[in-house]
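I want to get to know this protein by looking things up one at a time. Here are my notes, starting with pockets and moving on to helices.

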Amino acid sequence: MKEDIKYIEQWALLKIIDNYEIKNTVTTDDRLCLVEKVVRDISVTFPACIFRTLPNYARLSVIEALDYNEVLSMDNIHYVESELRNIDEAYENYDWFIVDKAREIKRSQRGSYV
């Protein structure tokens, strides 16, 4: 499990570094509405404890969602992460999520080398 966590975290960090240039702020009339939508979508999609277990992967997920909604900025990343940290969740074993995510990443990596 430890190796899977390390692999996912390194992969996510490299993906952030290689693919995103993030401004400090972004201005748009719908910014807050869109950022709240990102918080809701992410909190439904991922178990909350994953955001404490895999911080780089969590940040990549936040960045991808904000980028998709065209509100990617450091301010918005910090806002979403702060909101996600406030989600209460009873402890559950999400080791399966880590194993599945590591397998999915490794499979996609192999496919990109062909």
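**Entry 1: the pocket.** I looked up the lining of the largest pocket and got Ala 48, Phe 51, Arg 52, Pro 55, Asn 56, Ala 58, Arg 59, Val 62, Glu 81, Leu 84 and Arg 85. Helices H3 (50-53), H4 (55-68) and H5 (74-85) are the elements that each give two or more residues to this lining. H4 gives the largest share, five residues. I sorted the lining by type: six nonpolar, one polar and four charged. The volume of the largest pocket comes to about 160 Å³.

**Entry 2: ground rules.** I'm working with a predicted model, where local features need pLDDT of at least 70 and side-chain atom pairs count only at pLDDT 80 or more, while totals for chains, interfaces and linings use all residues. Residues are numbered from 1 along each chain as its sequence is written, and side-chain values use heavy atoms, with hydrogens and water left out.

My pocket is an open set of points on a 1 Å grid over the protein atoms alone where a 1.4 Å probe fits, with protein on both sides within 12 Å along at least five of seven lines; lining residues have an atom within 4 Å of a point. Helices are DSSP runs (H or I, at least four residues), numbered from the N terminus.

**Entry 3: helix H2.** Which residues of H2 are buried? I found Val 35, Val 38, Val 39 and Ile 42. They sit on the same side of H2, because their arc around the axis is only 100 degrees. Buried means under 20% relative accessible area and exposed means over 50% (1.4 Å probe, protein chains only). Cys 33 and Val 44 are exposed on the other side of H2. H3, H4 and H5 are among what covers the buried residues of H2.

**Entry 4: Leu 54.** I found Leu 54 in the loop between H3 and H4. Is Leu 54 buried or exposed? Leu 54 has 0% relative accessibility, so it counts as buried. Leaving out residues up to four places away in sequence, Leu 54 touches Ile 5, Ile 8, Glu 9 and Ile 98 (contact means heavy atoms within 4.5 Å).

**Entry 5: helix H1.** The buried residues of H1 include Ile 8 and Glu 9, both of which Leu 54 touches. On the other side of H1, I noted Lys 2, Glu 3, Ile 17 and Asp 18 as exposed.

Technical notes
Grid points are joined across faces, edges and corners, and a volume is the space filled by probe spheres set on the points. Ala, Val, Leu, Ile, Met, Phe, Trp, Tyr, Cys and Pro count as nonpolar, Asp, Glu, Lys and Arg as charged, and the others, Gly among them, as polar. The arc is that of the directions from the helix axis to the C-beta atoms.
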